[in-house]
Amino acid sequence: MTTDVMTSGPWPEPTVADTEAVALAVVRHEGMRIEGLPAAFDSSYGPVMVALQGAGLHPVGAALAVYEGDPMAEFAVEIGFPVDRPLPAAVELDGVHVTASGLPAGRLAVVTHVGPYDELGAAWGRFMGWVASQGLSPDDRYGEIYVTEPTPDGDPNLLRSDLFLTLR
């Protein structure tokens, strides 16, 4: 049985789920470092939404980020949304390139973090410890689904982020 991790959950305890392929519309940033993430997030979601509207596409889940590489060094990140079908062509908006991407069908390890974004590093540490204790083999892509949209007057302790890790 497959699980749509883009719209399911929460997962208070880590678990492994079989998933279908997921089409994404994203802005890809190469050569990133942790300190550059806030600016990358701020510059990405708006253009992705404009590109989706122009292509007649719709998000089918919350905003997300998909990473490749070492988060403590340089990595790539794709920032955007899962969509109902692939973006037919890349779109450039004021120098920002919105492209099609995706997550392949397969196994994912998932867990839910509820709390401020600055606690995500610790949540990832616990999650990766669980993955290792289960003898699971991570693949090269991992990410965060930002289920609760942050607002200026919202309580950061109530933010829900689903962490996922592709598995071999």
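Me: Which residues are linked in a network of salt bridges?

Reply: Please note that this is a predicted model. Side chains of opposite charge can pair when their charged atoms come close. Here the network of salt bridges links Arg28, Glu30, Glu68, Glu78 and Arg141. A search of the whole structure finds 7 salt bridges.

Me: Which parts does the salt bridge of arginine 28 and glutamate 68 tie together?

Reply: The side chains of these two residues meet with N to O at 3.0 Å. Arginine 28 belongs to strand E2 (residues 22-32) and glutamate 68 to strand E3 (residues 64-69), so the pair ties together parts that are 40 residues apart in sequence. Arginine 28 is partly exposed, at 32% relative accessibility, and glutamate 68 is partly exposed at 23%.

Me: With which residues does arginine 141 form salt bridges?

Reply: One partner is glutamate 68, with the closest N and O atoms 2.9 Å apart. Because arginine 141 lies in strand E8 and glutamate 68 in strand E3, this pair ties together parts that are 73 residues apart in sequence. Another partner is glutamate 78, with the closest N and O atoms 2.4 Å apart. That pair links strand E8 to strand E4, where glutamate 78 lies, across 63 residues.

Me: Is arginine 141 buried or exposed?

Reply: Buried means under 20% relative accessible area. Arginine 141 has a value of 10%, so it is buried. Glutamate 78 also counts as buried, at 6%.

Me: How should I read a strand, and which way do the residues of strand E9 point?

Reply: In a regular strand the side chains alternate between the two faces of the sheet. In E9, Arg160, Asp162, Phe164 and Thr166 point one way, while Ser161, Leu163, Leu165 and Leu167 point the other way. Of the 8 residues in E9 (residues 160-167), 8 are buried.

Me: Which strands pair with E9?

Reply: Strand E7 (residues 106-114) runs antiparallel to E9 and is joined to E9 by 7 bridges; valine 114 stands opposite arginine 160. E8 also pairs with E9 in the antiparallel sense, over 6 bridges, and glycine 143 has phenylalanine 164 as its bridge partner in E9.

Me: How is a pocket found, and what lines the largest pocket?

Reply: Rolling a probe the size of a water molecule over the atoms shows where empty space is left. The largest pocket holds about 860 Å³ of space. Its lining has 29 residues, with Leu37, Tyr67, Leu120, Glu144 and Tyr146 nearest its centre. E8 gives the most to this lining, with 6 residues. By class, the lining has 22 nonpolar, 2 polar and 5 charged residues.

Terms used: Residues numbered from 1 in each chain as written. Predicted model: local features only at pLDDT ≥ 70, side-chain atom pairs only at ≥ 80, totals over all residues. Heavy atoms only, no water. 1 Å grid on protein atoms, 1.4 Å probe; cavity = no way out; pocket = protein on both sides within 12 Å on 5 of 7 lines; lining within 4 Å. Points joined across faces, edges and corners; volume = space filled by probe spheres on them. Helix = DSSP H or I, 4+ residues; strand = E, 2+ residues; numbered from the N terminus. Nonpolar A, V, L, I, M, F, W, Y, C, P; charged D, E, K, R; others polar. Buried < 20%, exposed > 50% of the residue type's maximum accessible area, 1.4 Å probe, protein only. Pairing = 2+ DSSP bridges. Salt bridge = Lys/Arg side-chain N within 4 Å of Asp/Glu carboxyl O.
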